[in-house]
Amino acid sequence: MTARFRRCGHGTGPLHPGDQKAVAEFTAMLTARKRPAPWTGQGDVAVRIAADGRALERGRPADGQPADADPVALVLIHPDTEAALTSTLHCARSRIHGAWTTPYRLLTHALAGHDLPPGIDLST
């Protein structure tokens, strides 16, 4: 017996399990983007890189920094390997989208295979 799976909205039958996973990840990303978890000054942070606010990167605050610091000294890190992508940057609190969560991974330059824009300025 053959199972029929629907691909990309075409055909009949249930979604393929791979498609279901992609839809679930995308839905989680949209939900996290719409309702970000507030950042309390501890843990990793999602930072808006572009002026339009579409691209988010994972940032890790410097050790020993007060929770209410403005600007925040942080290092941008790769979402999977946690390798540092930049040296310490000073980021305005207005650029912080919220606490870092896994669904934001889909919006990073690293996942898309792109380098970060040269001369990132997060001070405004």
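Me: What makes strand 3 and strand 4 a pair, and in which sense do they run?
Reply: In this predicted model, strand 3 and strand 4 are joined over three bridges, in the antiparallel sense. Pairing takes at least two bridges, so these two strands qualify. One spot to look at is Ala73, which stands opposite His90 in strand 4.

Me: Why are strand 4 and strand 5 called edge strands?
Reply: The open sheet has five strands in the order 4-3-2-1-5, with antiparallel pairing. Strand 4 and strand 5 each pair on one side only. Neighbours in the sheet are turned by 45° against each other on average, ignoring direction.

Me: Now, His78. Why is His78 called buried?
Reply: Its relative accessible area is 19%. The cut-off for buried is under 20%, so His78 counts as buried. You'll find His78 in the loop between strand 3 (72–77) and strand 4 (89–91).

Me: How do you know that the side chain of His78 makes a polar contact with Asp80?
Reply: A polar atom of that side chain lies 3.0 Å from the backbone nitrogen of Asp80. The limit is 3.5 Å, so the pair falls within it. Beyond its neighbours within four places in sequence, His78 touches Arg58, Ala83, Leu85 and Ala110.

Me: Which residues have the most contacts inside the largest nonpolar core?
Reply: Those are Val47, Leu74, Leu76 and Leu122, in a core of 14 residues. Strand 3 gives the largest share, three residues. Apart from this core lies another, of five residues, including Leu56 and Tyr104.

Key
Residues are numbered from 1 along each chain as its sequence is written. This is a predicted model: local features need pLDDT of at least 70, side-chain atom pairs count only at pLDDT 80 or more; totals for chains, interfaces and linings use all residues. Side-chain values use heavy atoms; hydrogens and water are left out. Helices (H or I, at least four residues) and strands (E, at least two) are DSSP runs, numbered from the N terminus. Buried means under 20% relative accessible area, exposed over 50%, partly exposed in between (1.4 Å probe, protein chains only). A polar contact is a pair of N or O atoms within 3.5 Å; within protein, one must be able to donate a hydrogen and the other to accept it, and residues adjacent in sequence count only if both atoms are side-chain atoms. Contact means heavy atoms within 4.5 Å. A nonpolar core is a set of buried Ala, Val, Leu, Ile, Met, Phe, Trp, Tyr and Cys residues joined through side-chain atoms within 4.5 Å. Axes are lines fitted to C-alpha atoms, for helices over the stretch in contact, and angles run from 0 to 180 degrees between N-to-C directions.
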